[in-house]
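Load the model and switch to a cartoon view. The stops below say what to select next and what is there.

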Amino acid sequence: MRRRGMLVFLGTFLTVICGLGSGHAQGATPSFTIEASNTTMPTSGAGAISFTLTSVNGFAGMVGIDCGPANPPTGSILPQCNYTGGGPAPQPYTLAANGTVRGSLNLVAYVPPCSNPCPVKLLRPPSPRGVNLALAGVLLLGLPFRWRARRLRLSLLVVGIMAGLAGIACGAGNNDTLTPGTFVYTVSASQVGTAATLATSATVKVTVPAGIATNLSSANP
C-alpha cells in the first residue's frame, strides 16, 4: 500500500509540473530580436550594415528595418543609412515562426538637399585669398586718384571685387567629404501591419575614413 501511494503521489506531482510547464510555454509572448555588424565605409562612398532578424517564441509577421546615426556631432556630415534616393520606401521583411532573416542596409556618402530656397551651387566658406582680394577692392574706393588714372583704377577696382567674390563663393571648404571618425548608428526593427506593434533595436559602429567624397564635390567643382 505504501509503495502504491508513493507511485500515485509521483504521478500527481509529475502531472502538475508538466501542466505548469505547458502553461508557461503557452503564455510566452512572441517577439523578435535583431543583431547588426559594425562596418567601415569604403572609399567609393557606398557601404552597408548587415543585420540578422530572429523570431522568438513563434513570432511570424512583417518587420520593417530602418537606421540612422545616434547623437551625431553638431556640424558633422555622416553617411545616409537606408537611403532610397527619393524612391519608394524599402519593403518590410517576412519573418517566419522561429526562423531567421538576413539582410543589409545601404550606407551612402550623400548630403540631403538644402531647404527652400536652395541655390544651384552650394557656397563654401571663404578662402583667405578671396577675402583679401575683396578687401583690397573695397580699399581702392577710398584712394584719391586723378582724372587721367580714373579708368585704370576703376578697372582694378572691378577686377579686385570680382576676384574677391569669386574667392568667397568658391573657396576651399570641408563640406565635400564625410566627417572622419567612428560613429554609433541605431538599427531599429518594428512590426508592421498590426495595431500592437513590437519593436527592438541594436547599435553598431560605423567607421568613416578621411577623404570620402560626397555629392557636394560635384556641386562645387
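Select the open sheet of five strands, whose order is S2-S9-S8-S4-S6 and whose pairing is mixed. Strands here are DSSP runs of E with at least two residues, helices are DSSP runs of H or I with at least four residues, and both are numbered from the N terminus. Two strands pair if DSSP finds at least two bridges between them. The edges of this sheet are strand S2 (39-40) and S6, each of which pairs on one side only. This is a predicted model, in which local features need pLDDT of at least 70 and side-chain atom pairs count only at pLDDT 80 or more, while totals for chains, interfaces and linings use all residues. Residues are numbered from 1 along each chain as its sequence is written, and side-chain values use heavy atoms, with hydrogens and water left out.

Within this sheet, pick S4 and S8: the two run antiparallel and are joined by eight bridges.

Gln191 is buried because its relative accessible area is 12%; buried means under 20%, exposed over 50% and partly exposed in between, with a 1.4 Å probe and protein chains only. Show what surrounds Gln191: leaving aside neighbours within four places in sequence, its contacts are Phe32, Phe59, Met62, Val63, Ala196, Thr197 and Leu198. Contact means heavy atoms within 4.5 Å.

Next, select the other open sheet: four strands in the order S1-S3-S7-S5, with antiparallel pairing. Strand S1 (31-36) and strand S5 (80-81) are its edge strands, each pairing on one side only. S1 and S3 run antiparallel and are joined by six bridges. Ala36 has Phe51 in S3 as its bridge partner.

Which residues have the most contacts inside the largest nonpolar core? Select Ile34, Leu53, Val63, Ile65, Tyr185, Val187 and Val206; the core they belong to has 30 residues. S1, S3, S4, S7, S8 and strand S9 (199-208) each give two or more residues to this core. A nonpolar core is a set of buried Ala, Val, Leu, Ile, Met, Phe, Trp, Tyr and Cys residues joined through side-chain atoms within 4.5 Å. Centre on Leu53, which, neighbours within four places in sequence aside, touches Phe32, Thr33, Ile34, Val63, Ile65, Tyr93, Leu95, Gly99, Thr100, Val101 and Ala189.

Now show Ser55, located in strand S3 (residues 46-56). Is Ser55 buried or exposed? Ser55 counts as buried because its relative accessibility is 8%. Not counting residues up to four places away in sequence, Ser55 touches Ser31, Phe32, Leu95, Ala96, Ala97, Asn98 and Gly99. A polar atom of the Ser55 side chain lies 2.8 Å from the backbone nitrogen of Asn98.

Follow that pair to Asn98, in the loop between strand S6 (93-95) and strand S7 (100-108). Asn98 is not a glycine, yet its phi is positive, at about 60°. With 58% relative accessibility, Asn98 counts as exposed.

Asn57 counts as partly exposed because its relative accessibility is 44%.

Show the cysteine side chains of the one disulfide in the structure. This disulfide joins Cys67 to Cys81, S to S 1.5 Å, where a disulfide is a pair of cysteine sulfur atoms within 2.5 Å. The pair links distant parts of the chain, with Cys67 in strand S4 and Cys81 in strand S5, 14 residues apart. The link of Cys67 and Cys81 is left-handed, with -90° about the S-S bond. Cys67 counts as buried at 13% relative accessibility, and Cys81 counts as buried at 12%.

Finally, zoom out to the whole chain. The protein has four helices and nine strands, and from the N terminus its elements run α-β-β-β-β-β-β-β-α-α-β-β-α. Of its 221 residues, 25% count as buried.

Terms used. Polar contact = N/O pair within 3.5 Å; in protein donor to acceptor, adjacent residues only side chain to side chain.
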